[in-house]
Amino acid sequence: MLVKSFRMKSIHIKNALLFFCVLFLNTAVNAQEIIKDSAVVSEKKMKTTGQRQKIDGVIATVGDYIVLDSDIDKAYLEISSQGGSVKDITRCQMLGKLLEDKLYAHQAIQDSVKVTDAEVKAMMDERLSYMIQQIGSMDKVIKYYKKDSEEEFRSYFFDILKENKLTSEMQKKIVDGVEITPEEVRNFFKRIPKDELPLFGAEMEVAQIVIEPKITQAEKQKVIDRLNGFKKDIQEGSSFATKAVLYSQDPGSRSSGGFYKMTRKTPFVKEFKDVAFSLDEGEISEPFETEYGFHIIYLEKIKGQELELRHILLTPTVTKESLDEAKEKITLIRKRIVDKEISFADAARSTSDQKETRANGGVLINPNTQDARFELTKMDPTLYSQVSNLKDNEISMPILDETPSGKKQYKIITVTNRINEHTADYAQDYVKIKDLALKEKQIKAIAKWFDEKIKETYIKIVGEYRDCDFTNNWLKK
């Protein structure tokens, strides 16, 4: 229920790669620990190579945080497990990235950046749910992270996620205040040598009209009656979790017995949150409807601002007759557009059932860029297959589509504009150029922040890592 980049002298490419690649992958670094200015060695952790043993001790300190030599190895493993390449990342570069994260987290605490336990727990539950789906069970997750118990793993993972959250909130605080003017965008573009202008890939703008099959009241009532039956069984002693595992149509929670933790900020649909927060502990809701279907919720526990609940989702069946009616309706709409009785945009505004696109004439918005252009090489494969063979302003035949929530619908689609691969043009590509200019300004703001905070923060690097050529002045030379 839930441009091709270009070379700029002011940006260190490998450091930028680390900045974005490792930002959310540093789940192998240690949590906050107050230490003294002395050698700290973990007696339990040793690396053995032939006859030589390397003690895994503290190699760096940033404020109240430490970095162990093994943290670098763990960071490499974490990136590799996520499918990333580490062949061009040196240990010095990896340490530099870990030091950046520690300084972000340390300064976040100094600046009283708020990260609540409830936020961290919600993050942990979401990540654990994903991990369990990927690996198979909680026991396998615990084994993968080499912990002895679920309690030990949860404590370890909680501290990591809290540090990650502090890091991301501090980064956000630095760049949120960075704005850029049209004059700065123009000057940024003028500074780029002609032979280094970015090359933008082929793009297209797409619009669609969607007709959803009508669900009969009889089919809705069948689902409501079935949910009421589940509720009665549970009130008489049956297990809600077992019912959810057996019957719920929510793939995100079915395997865990319909279990979710949520707060008012959790991004669930409004109807779901309204019902959940109206319940008393131990109460089961009446069946209610959202865009996903019909639900019942069982509120297990209220922990301050956080709810622990279970739910069952059932989706009414769409009859063949309703599907046929939807196909017939959209076929007639297409004919009116082809016969020039009505424009595609006007037909979308007056007939489309998709509220997200109806008001702007059916134009699809790229979720990654928030504009109307889709770069062909980055387009969703399903959408690409539906539009790749269309000529400009050609209307597709009716397409039977399925939404992420599993609902079937018919749509017609058209390409309203096509932009071939081209070298950046200030007028045509202003939005993309503005984004690049803003990113450069944000990177400069971050670099300035590091210069200032490194000077005023206790930082110590020991051993062979003092020979590293860091991008930031960690050694305060």
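Before you start, note that the model is predicted: local features need pLDDT of at least 70, side-chain atom pairs count only at pLDDT 80 or more, and totals for chains, interfaces and linings use all residues. Residues are numbered from 1 along each chain as its sequence is written, and side-chain values use heavy atoms, with hydrogens and water left out.

**Stop 1: an open sheet**

Select residues 373-375 and 399-402, which are the edge strands β10 and β11, each pairing on one side only. (Strands are DSSP runs of E with at least two residues, helices are runs of H or I with at least four, and both are numbered from the N terminus; two strands pair if DSSP finds at least two bridges between them.) Together with two further strands they make an open, antiparallel sheet of four in the order β10-β5-β12-β11. On average, neighbouring strands here are turned by 55° against each other, direction ignored. (Axes are lines fitted to C-alpha atoms, for helices over the stretch in contact, and angles run from 0 to 180 degrees between N-to-C directions.)

To see one of the partners, pick Ile 399 and look across to Lys 411 in β12. Then show residues 320-338: this is helix α11, which packs on the sheet and touches β5, β11 and β12, its direction making about 30° with that of β12. (Contact means heavy atoms within 4.5 Å.)

**Stop 2: an enclosed strand**

Next, select residues 306-314, strand β9. Nine of its nine residues are buried, so this strand is largely enclosed by the rest of the structure. (Buried means under 20% relative accessible area, exposed over 50%, and partly exposed in between, with a 1.4 Å probe and protein chains only.) Show the side chains: Glu 306, Glu 308, Arg 310, Ile 312 and Leu 314 point one way, while Leu 307, Leu 309, His 311 and Leu 313 point the other.

β9 pairs with β8 (residues 293-303) through nine antiparallel bridges, and Ile 297 stands opposite His 311. In the hairpin of these two strands, with two residues between them, Gly 304 takes a positive phi near 65°. Strand β6 (residues 259-262) also runs antiparallel to β9, joined by four bridges; here Tyr 260 has Leu 309 as its bridge partner.

**Stop 3: aromatic rings**

(Rings of Phe, Tyr and Trp, the last by its six-membered ring, pair if their centres lie within 6.5 Å; planes under 30 degrees apart count as stacked, over 60 as edge-to-face and the rest as tilted.) Tyr 260 is buried at 10% relative accessible area, and Phe 268 is buried at 7%. For a cluster of rings, select Tyr 104, Trp 449, Phe 450 and Trp 474.

**Stop 4: the disulfide**

Finally, select Cys 92 and Cys 468, whose sulfur atoms are 1.9 Å apart in a disulfide. (A disulfide is a pair of cysteine sulfur atoms within 2.5 Å.) The structure holds one disulfide. Cys 92 lies in helix α3 (residues 91-110) and Cys 468 in the segment after β14, so the pair ties together parts that are 376 residues apart in sequence. Cys 92 is partly exposed at 27% relative accessibility, whereas Cys 468 is buried at 5%.
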